[in-house]
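Here are my notes on the model, as numbered points. Please read them with the structure open.

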Amino acid sequence: MRIIISFLFICCAHVAFPQPVDDGKRDNIWLFGYDSYSQLPGFGRTVIDFSDLNDPDVYREDRDMDFRQTCSNICDEDGDLLFYTNGIYIANSEHEEMENGDSLNPGGWTVVYPNGLPVSQGIVTLPVPDKENEYVLFHGLLDIPPGLGPIYSNLYYSKVDMGLGSGLGAVTEKNVELLQDTLFPGRITATRHGNGRDWWVVIPELNTNRYYTFLLTPDSIYNMGAQSVGSPIYRGAGQAVFTPDGSRYLRYDIHTAGDGNNLNFYDFDRCTGLLSNQVGLVNNDSSGSAGLAVSANSRFAYFFSGLYVYQYDLWATDLEASLDIVAVYDGHVSPWPHATTFYLAQLGPDNKIYANTPSGSNVLHVIHEPDRKGADCLMEQHGFPLESFNAFTMPNFPYFRLGPLDGSPCDTLGIDNVPVARFRYRQDTLNPLKVEFTDLSYFEPVEWLWDFGGTGSSDEKYPAFVFPASDTYEVCLTVSNDNGEDTYCRTLNLGTVGTERSEKKVGITLFPNPAKEVVNIVLSDGYLPQKGIVVFYNSIGQVKLSQPVLAGCNSVRLDGFSPGIYFYEVKDGRARIGGGKLVVE
């Protein structure tokens, strides 16, 4: 049976759009951390701001809301934070409780965990199609039936109107029941409908082979009912995602019986919302944690399994034979005794994959080039320090940069994929004049044209280019398909190394500060040093450590640093480009 749950919208005639609404910055802000106001070192809240796709800004902020695992937030079309939730209440961009934003998911574990629900993917937030200020949260009531353990007993929606509350938003509908059943806690995922406008939302039933599917349109939420597909999947922690192109749905579940963890792959029809062709695999590392993310090109699936990170090639004829282990836990703890093993993952706006740890550590793992096979994906363990401890929280976002399924039976709204150009870059470690470029463009580009500041060009998707000399270059990428084109430019300053001492002003960020084991130094403003180095001095001016630095983010280990105050300066040849003070705890 198909059930329609309608919002109180005013219906109007459909207006076709020539191209998709660009929601590419909806996941611009990521929130982490807990206990903002604790006087204990290391506690607080961390923000990752992806406004600069090459150099995300990481900083600490005080806010009242705690996270225990559930985290959902959304930005406007410009990438500015609108609101966020931990499954207990909704806060606005001023970090205050939103009007009527209290008492989300009342009852059950909300009473036990008033500081946030301990569920991965417990909520997903979506913009209502064609409604400029309206948003819908899909969320569930976490309950504890006797003898059954944690479940979602109800699935709800709540609605936010950002045109109310003096621009800070208000909740206009709250805890409206969509479904009563025994559901997996969390695992709420979404992908764009093949028409390029609406949204599919999927949640699995507990310990069965059944999935509930909902369709969000401008005027309604349609309950499409439950579909049975393949073999049952039994209780266990884990994660579920759609591939960025929406063609497949994947799940990773810990099997509580101890006979391995379940990896499940399905085809997904973006026109009908139906799953099919389940492929089930098992790994036998008996991990207690399970996370999952897929590369932006929808080719490589990464399963984060405690001690290992597995890569599968979704384009391979033999899926099981495509297995590659791209990381084995290296024994790192940060801070002691919190092991930085692998847990939940999320694809970032920069097309890197970030993964947290299953304990309260202060780092993320990062896969720098997940579109590439095997070791070329550049998996870096604990390579992204946070400004605070993180209670195994990972925000839950759909892939916002997906348009219509051109030429499909449901491509009926006149929406065309007109490409949006974006890229990031990485300076070569051996030749500072060589720069590798990663295309981040979306909405189905088929041609790429790079202009390297008038010194060369390329039609490759991921080119590497050696610039002729230290200088300032405007690098532009133009992407196109039959529907149109777009151009994106960035200015790169390949630092000039002089023979005389001089001063250059370059944007430099150092975090976290105070620090313990690792500190990050970010060279921003498109600066690529030619002979970059950072030098740390103790309080009496003795050199404690020196290390080369490149463009972007550089991690520095603080082995041998005693607690105290240190000073640092960053140089490019004989030019001093910045400096400051570092507190080591």
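**Notes on strands, cores and cysteines**

1. Val522 stands opposite Cys553, a residue of β41. Strands and helices here are DSSP runs, numbered from the N terminus, with at least two residues (E) for a strand and at least four (H or I) for a helix. Two strands count as paired if DSSP finds at least two bridges between them.

2. On provenance: this is a predicted model, in which local features need pLDDT of at least 70 and side-chain atom pairs count only at pLDDT 80 or more, while totals for chains, interfaces and linings use all residues. Residues are numbered from 1 along each chain as its sequence is written, and side-chain values use heavy atoms, with hydrogens and water left out.

3. The sheet that holds β37 and β41 is open and has three strands, in the order β36-β37-β41, with antiparallel pairing. Its edges are β36 (508-511) and β41 (552-557), each of which pairs on one side only. Neighbouring strands of this sheet are turned against each other by 20 degrees on average, direction ignored. For such angles, axes are lines fitted to C-alpha atoms (for helices over the stretch in contact), and the angles run from 0 to 180 degrees between N-to-C directions.

4. Another antiparallel pairing is that of β2 with strand β3 (residues 44-49), joined by six bridges. Within it, Phe32 has Thr46 of β3 as its bridge partner. Five of the six residues of strand β2 (residues 29-34) are buried, so the strand is largely enclosed by the rest of the structure. Buried means under 20% relative accessible area, exposed over 50%, and partly exposed in between (1.4 Å probe, protein chains only).

5. Which residues touch the most other members of the largest nonpolar core? They are Ile48, Phe83, Phe138, Val160 and Phe214, in a core of 67 residues. Strand β9 (residues 134-143) gives the most to this core, with five residues. A second, separate core has 22 residues, among them Ala293, Ala327, Leu347 and Ala355. A nonpolar core is a set of buried Ala, Val, Leu, Ile, Met, Phe, Trp, Tyr and Cys residues joined through side-chain atoms within 4.5 Å.

6. Leaving aside residues up to four places away in sequence, Phe138 touches several residues, including Ile123, Val124, Leu178, Val201, Phe214 and Ile221. Contact means heavy atoms within 4.5 Å.

7. Phe265 lies in strand β18 (residues 261-268) and counts as buried, at 0% relative accessibility. Its contacts, again not counting residues up to four places away in sequence, include Arg248, Tyr249, Asn277, Gln278, Phe303 and Tyr312. Phe265 and Glu61 are 204 residues apart in sequence and 39 Å apart in space, C-alpha to C-alpha.

8. How many disulfides does a search of the whole structure find? There are two, where a disulfide is a pair of cysteine sulfur atoms within 2.5 Å. With the bonded cysteines numbered in sequence order, the pairing is 1-2, 3-4.

9. Cys271 is joined to Cys410 by a disulfide (S to S 2.1 Å). The torsion about this S-S bond is about -70 degrees, so the disulfide is left-handed. Cys271 sits in the loop between β18 and β19 (275-283), and Cys410 in the loop between β27 (379-385) and β28 (423-427), so the pair ties together parts that are 139 residues apart in sequence. Cys271 is buried at 19% relative accessibility, and Cys410 is buried at 10%.

10. The other disulfide joins Cys476 to Cys489 (S to S 2.0 Å). Its torsion is about 110 degrees, so this disulfide is right-handed. Cys476 is in strand β33 (residues 472-481) and Cys489 in strand β34 (residues 484-494), 13 residues apart. Cys476 is buried at 13% relative accessibility, whereas Cys489 is partly exposed at 33%.

11. Cys71 is buried, at 3% relative accessibility. Cys377 is in no disulfide either, and the nearest cysteine sulfur, that of Cys553, is 18 Å away. Cys377 is also buried, at 1%.
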